[in-house]
Amino acid sequence: MDVEGKSGRSFVRARAALVAGSLGLLLAVGGCGASGDSSDGAKAADGKAAPREGFTDEGGAAASAAPEAQADGKAAGKKAAPKPGGTHVIRTATLSVEVKSVPKAVAAARGAAEDAGGLVASENTERLDDTYETSHLVLRVPQERFQEVLRELAGSGKLLSRTSNAKDVTDQVVDVESRISTQRASVARVRELMDQAEKISDVVALEGELSSRQSDLESLLAQQASLKDRTSLATITLDLTPPDAPGDDGSEDEDPGFLDALGGGWDAFVTMLRWIAVAFGAAFPFLLTAALAVVVWRVLRKRKADRRAAPAVTAAPAGKDGASAS
């Protein structure tokens with residue numbers, strides 16, 4: 001019985017040492033992400049083997065280095081070519097068209113996009129005055145109908161300008177898909193280690209690592225969705241303007257004449273009068289106060305002078321009476 005108890009305790013210690021060793025190796029290579037995933041983690045993710053160097057199996061022996069698991073399910077050690085998915089291209093175009101009726105042209109452009117299986121991503125119509133208006137539209141159409149819709153829009157009126165661009169992102173799409181597959185295997189490997197962990201500290205550390213890797217996986221999935229949207233739908237930016245719209249006849253670039261100079265001088269004169277009125281309005285309270293002060297000073301001075309002259313006027317008649325009496 002004593003031998004069996006020792007054997008059981010030895011087995012528990014060995015298993016605990018195995019889990020602790022695997023956790024230490026996982027955290028040491030955590031920056032590399034999926035490069036340290038073993039064949040067990042890959043099988044847990046999608047049933048494909050991808051043993052990597054640096055992890056130990058349950059027997060304690062290190063797993064031999066091997067290529068990552070491929071999407072076609074081939075055995076590890078044989079690198080398979082990527083699945084043929086054709087090229088992935090992001091297409092964009094910008095058109096500026098002069099049309100007789102902007103509302104009708106907008107309706108026609110919207111109909112062309114919807115008939116092709118696309119949509120109107122944004123629309124902005126601006127009225128210049130009571131007669132003229134312009135419109136700016138962003139259309140999303142399927143790649144296979146891109147050129148057809150482009151020709152239809154260009155032929156709706158007088159083409160003023162046209163630019164187009166095509167960017168091949170096939171390598172980027174393949175790279176993101178590969179990284180997603182590897183990251184999923186990495187997440188599965190961390191989950192497997194969490195199931196084997198017996199200590200709370202190991203579980204907490206593995207939860208933090210799992211959260212980080214899941215965040216990276218979600219970021220890759222968002223990149224994949226963005227690439228899929230931009231490669232499946234082409235973007236067409238359309239500007240619609242009416243003929244003889246203000247600013248289109250080039251009158252702004254002509255040299256100024258006599259009437260232009262007269263109008264500019266009149267505007268300058270009116271502006272000067274306006275500023276003079278503003279300055280006078282600002283100084284008026286001070287001028288009014290100064291005028292009142294001058295008036296009060298003059299009134300007081302006059303009263304003081306009258307008071308000084310009053311005794312002299314009164315003394316003069318008294319002297320005459322005295323002289324006559326003598």
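Let's start with a definition: a residue is buried under 20% relative accessible area, exposed over 50%, and partly exposed in between, using a 1.4 Å probe and protein chains only. What we have here is a predicted model, where local features need pLDDT of at least 70, side-chain atom pairs count only at pLDDT 80 or more, and totals for chains, interfaces and linings use all residues. Residues are numbered from 1 along each chain as its sequence is written, and side-chain values use heavy atoms, leaving out hydrogens and water.

Now, please find helix 7, residues 258–325. Helices here are DSSP runs of H or I with at least four residues, numbered from the N terminus. Phenylalanine 269 sits in that helix, 3 residues from tryptophan 266, about one turn. Phenylalanine 269 is partly exposed, at 37% relative accessibility, while tryptophan 266 is exposed, at 55%.

On to the rings. Rings of Phe, Tyr and Trp (its six-membered ring) pair if their centres lie within 6.5 Å; planes under 30 degrees apart are stacked, over 60 edge-to-face, and the rest tilted. How many aromatic pairs does this rule give? The count is 2. Tryptophan 266 and phenylalanine 269 have ring centres 5.8 Å apart and planes at 40°, so this pair is tilted.

Phenylalanine 280 and phenylalanine 284 also make a tilted pair, with 5.9 Å between centres and 55° between planes. These two phenylalanines are 4 residues apart in helix 7, so about one helical turn separates them. Phenylalanine 284 is partly exposed, at 40%.
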